[in-house]
Amino acid sequence: MTRSLLAAGAFAIATVTATAAFAQQEVPIGAIEILSGPSASYGIAIKAGLEMALDEINSAGGVLGGKKLTLVIEDSAGNKDQAVNAARKLVGRDKVPVIIGPTLSNEMFAVGPVTNQRKVVTVGTSTTAKGITEMGPYIFRTSLPEADVVPVTLKTAKDKFGVKTIAMMYANDDAFSKSGFDSMKAAAEALGLNIATIETFGSKDTDFSAQLTKIKGLNVDAITVSALVEPISGVLLQARQLGIPASVRFIGGNGANSPKLGEIAGEAADGLLVGSPWFVDKKDAANVKFVSDFRKKYGKDPDQFAAQAYDTMHIVAKAVDAAGASDSDAIREALLKTRHSGVMGPFSFTPGRDPASAEGVVVLTMKGGKFQILE
Ligand code: 1QQ
């Protein structure tokens, strides 16, 4: 008995020592993503992209001369407070030098001030609202702001489909949805479009009939919607049920860039226009390999959110190596100088920590519940 207890104790000590030694061989990267709840499709795609890049980095020898990069991922469930708690855990308990995420701008506006104050580099891969990187010198993003994408989408709607009069809808309880609407409105005004009405709703709403009935009577050419994927899908389904014809085209923002839209709305989403810096059929070698490897690993196509996350993990790994240490300040400096050629195209940060290039935005449309590039 005593002997086996002693042996067990010795074993436990040996295990702890081995774990501690092993821990020093690892560089932990934190991530805060939506893995549950209505917006989980975004976070699950991001997690898949991060993990695929992580595997590639570690198979190629890791970082800092042979250390493994590990991912400590926390679920925010799309909730600001849960995202802030996750950030506190990652900083305090896990001592991560970098946090990737959170998924939503709404969450980032709560997390950013906390991680910036703790001087922990925080890199949004999907946060597109205005003002994200202005929160402080530790806040970066690899996602193109809506302000750079929606003018391209609206110009295409005008030039290619003759859209002149629009109704505008947005969720007024989500920072991204509101900011995306502001960008859409500015772009519509710059293009000289007539705005027949502006209608709002809540992100958890399921009944949009009052707004849509009003819009139906206004004879518009198109309806813009700035919202996350669940409410947009609800708007599309209900619009067609209420008899708004398919000739009235919907125009979405970054929230519409998830394949979940087609899964929920099906053919009601057909004809929707959305801008994106990435498309699954992009023919460059890096993207072809990424898409093929992703299909092999996960048995489905990557989406824009997975692609952005995949590039971001590679960018972060490069910066860790260039920093020469698992140190947030050194990584911050290194990120500002990092150049990466990824599946989204060539990437570097502006001094303000936003993506340097807004080129390569393509406009996609939905057909049979799937995205297609607009020919
Ligand atoms: C933001 C977004 C969302 C659509 C990310 C999933 O762009 O919150 O900024």
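Visitor: Which residues does T142 touch, not counting residues up to four places away in sequence?

Guide: The model is a predicted one. T142 is found in the loop between strand 5 (139-141) and helix 5 (146-161). Leaving aside residues up to four places away in sequence, T142 touches V123, G124, T125, Q308, T312, I315, F347, F349 and P355.

Visitor: Is T142 buried or exposed?

Guide: The relative accessible area of T142 is 10%. Buried means under 20% relative accessible area, so T142 with its 10% is buried.

Visitor: Which side chain does the side chain of T142 join in a polar contact?

Guide: T312 is among the residues that T142 touches. The side chains of the two residues are joined by a polar contact of 2.8 Å, and the partner of T142 is therefore T312.

Visitor: How many salt bridges does a search of the whole structure find?

Guide: One of the salt bridges is formed by the side chains of K155 and D159. Another is formed by the side chains of D182 and K178. For the whole structure, the search finds 14.

Visitor: What is the N to O distance in the salt bridge of D182 and K178?

Guide: D182 and K178 both belong to helix 6 (residues 175-190), where they are four residues apart, about one turn of the helix. D182 counts as partly exposed at 37% relative accessibility, and K178 counts as partly exposed at 35%. Their side chains meet in a salt bridge whose N to O distance is 2.9 Å.

Visitor: Does R332 count as buried or exposed?

Guide: The side chains of R332 and E333 meet in a salt bridge (3.4 Å, N to O). E333 is partly exposed, with a relative accessible area of 39%. R332 has 14% relative accessibility, and because buried means under 20%, R332 counts as buried.

Visitor: Over the ring of which residue does the charged end of R332 sit?

Guide: R332 also forms a salt bridge with E333 through its side chain. The charged end of R332 sits 5.6 Å from the centre of a ring, and that ring belongs to Y138.

Visitor: What kind of pair do the rings of W278 and F290 form?

Guide: The structure holds nine aromatic pairs. In the pair of W278 and F290, the ring centres are 6.4 Å apart and the planes are at 75°. Planes over 60 degrees apart count as edge-to-face, so the pair of W278 and F290 is edge-to-face.

Visitor: What kind of pair do the rings of F290 and Y310 form?

Guide: F290 is buried, and Y310 is buried as well. Their ring centres are 4.5 Å apart, with planes at 35°, so the pair is tilted.

Visitor: Which residues form one aromatic cluster with W278 and F290?

Guide: F290 lies in helix 10 and Y310 in helix 11 (residues 304-323), so their pair ties together parts that are 20 residues apart in sequence. W278 and F290 are both buried. The residues that form one aromatic cluster with W278 and F290 are F294, Y298 and Y310.

Technical notes. Residues are numbered from 1 along each chain as its sequence is written. This is a predicted model: local features need pLDDT of at least 70, side-chain atom pairs count only at pLDDT 80 or more; totals for chains, interfaces and linings use all residues. Side-chain values use heavy atoms; hydrogens and water are left out. Helices (H or I, at least four residues) and strands (E, at least two) are DSSP runs, numbered from the N terminus. Buried means under 20% relative accessible area, exposed over 50%, partly exposed in between (1.4 Å probe, protein chains only). A polar contact is a pair of N or O atoms within 3.5 Å; within protein, one must be able to donate a hydrogen and the other to accept it, and residues adjacent in sequence count only if both atoms are side-chain atoms. Contact means heavy atoms within 4.5 Å. A salt bridge is a side-chain nitrogen of Lys or Arg within 4 Å of a carboxyl oxygen of Asp or Glu. Rings of Phe, Tyr and Trp (its six-membered ring) pair if their centres lie within 6.5 Å; planes under 30 degrees apart count as stacked, over 60 as edge-to-face and the rest as tilted. A charge sits over a ring if NZ of Lys or CZ of Arg is within 6 Å of the ring centre and within 35 degrees of the ring normal.
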